[in-house]
Amino acid sequence: MRVKSEKKNRKKPAPGRRRESPSGRALGGRCGEALDRSESDQLLRWFDAVKRDLSWRRRRDPYSVLVSEVMLQQTRVEVVERYYEAFLVSFPDVRSLAEASEEEVLARWSGLGYYRRARNLQRAARMIAGRGAWPRTAASLRELPGIGDYTAAAVASIAFGEAALALDGNVERVLARRIALDSDPKRALGRRALERAGLELIDGGRAGDSNQALMELGATVCRPRSPHCDVCPLSEGCAARALGRAEEYPVRRVRRQRLAVCWVTAVVERDGRILLLRRPPVPGLMDGLWNLPTIEVEAERRSLSDRELARRFAREHGGRWIVGGARARARHSVTYRDVDVLIVEASIASRGEVAESEEAVFVEVAKLLPTKWAELPTGALVAKALEALLRATAR
């Protein structure tokens, strides 16, 4: 393809189009045509040499891949490492997951958060077990509950070898910098530009490895801040690097402002057991999980008296409460909310009645700490609050 020479006062490229270098070469591609296949080879050679030894990379069957990809949604790699193998021990194949009770699945998921993922994973397992065969393409995998474009492409490429692009946040950053994408990568125009750039880097014979290489590159080299461009296997064709503006891509979206929230969580102990409450499953946060009794208070009313806190707990959870004072604090995050948690010791003066809408149970403390598998599906705050209380007691 013929490329026009550079002219003065060149117009700004339209959103989603590639920038050109001063020589007229389309940065991120060879004269605007398909990328040199040697670049996909370079990417795979780099990946083979430096890839992290992650437990899910040792498996290629679709079930194991699906479990890992669902767990990795909005969860850090180091957290998933602690749960992945144990989950597969409990549910080694799609049929065992399909036949398990929801409570068993949520118990093994406890601590990973975003519990809707676990419910959708089990629903998908039941659909697959019912059909008796796995969907083998990204398009058919997207028909499963909770499976979006990224997860479908990741499973299709890693387990079945389909040349589909798995476009997660890390890959999005790599590709946006590669073509110096000036438009929003989350919108249709920018998304299509990234898909074109990414598919050029997918090796048809090793599609799954190509996707994992791009993910690895984004996670370890092409980082949001201070990218290591000097060791990047794709640096030569990177438009953002050539412009000296790598950290400016992708174009930043206006993020939802985070909200500071104050919670008071009560630890009610009886004979070495801790009180947990559960409300009926309803759409919302922590639905159907066992949690410590918790109330939300306004920031300016954080210094409420023990008596007032007891009244608030009684109003929220039923029973007659006695609050014995603050013992510890913890930090917690729920979606866009940053939660400052005040942990108090409390007792229920009556026989422990709780609101009719709630179930109550006393559980041994040791079974609620993260070193143990929970017997019940519990919210992440349970272990976090108990650990903070134990640390405060040990001082």
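At what angle do helix H9 and helix H11 pack, and how far apart are their axes? In this predicted model, helix H9 spans residues 169–178 and helix H11 spans residues 207–220. The two helices pack at an angle of about 85°, and their axes are 8 Å apart. Angles of 65 to 115 degrees count as roughly perpendicular, so H9 is roughly perpendicular to H11. On the H9 side, the contact is made by Asn-170, Val-171, Arg-173 and Val-174. Helix H11 contributes Leu-214, Met-215, Leu-217, Gly-218 and Ala-219. Sorted by class, the contact between H9 and H11 comprises 6 nonpolar, 2 polar and 1 charged residues.

Helix H9 also contains Arg-178. The relative accessible area of Arg-178 is 3%; because the cut-off for a buried residue is under 20%, Arg-178 is classed as buried. A polar atom of the Arg-178 side chain lies 3.3 Å from the backbone oxygen of Leu-234.

The chain as a whole has 14 helices and 6 strands. Of its 395 residues, 50% are buried. Among contacts in the chain with a separation of 6 or more, 65% are between residues 24 or more positions apart. The accessible surface of the chain is about 20,400 Å², and carbon and sulfur atoms account for 49% of this surface.

Definitions and conventions: Residues numbered from 1 in each chain as written. Predicted model: local features only at pLDDT ≥ 70, side-chain atom pairs only at ≥ 80, totals over all residues. Heavy atoms only, no water. Axes fitted to C-alpha atoms, helices over the stretch in contact; angles between N-to-C directions. Helix = DSSP H or I, 4+ residues; strand = E, 2+ residues; numbered from the N terminus. Parallel < 35°, antiparallel > 145°, perpendicular 65-115°, else oblique. Contact = heavy atoms within 4.5 Å. Nonpolar A, V, L, I, M, F, W, Y, C, P; charged D, E, K, R; others polar. Buried < 20%, exposed > 50% of the residue type's maximum accessible area, 1.4 Å probe, protein only. Areas by Shrake-Rupley, 256 points an atom, 1.4 Å probe, with all protein chains shown as cover. Polar contact = N/O pair within 3.5 Å; in protein donor to acceptor, adjacent residues only side chain to side chain.
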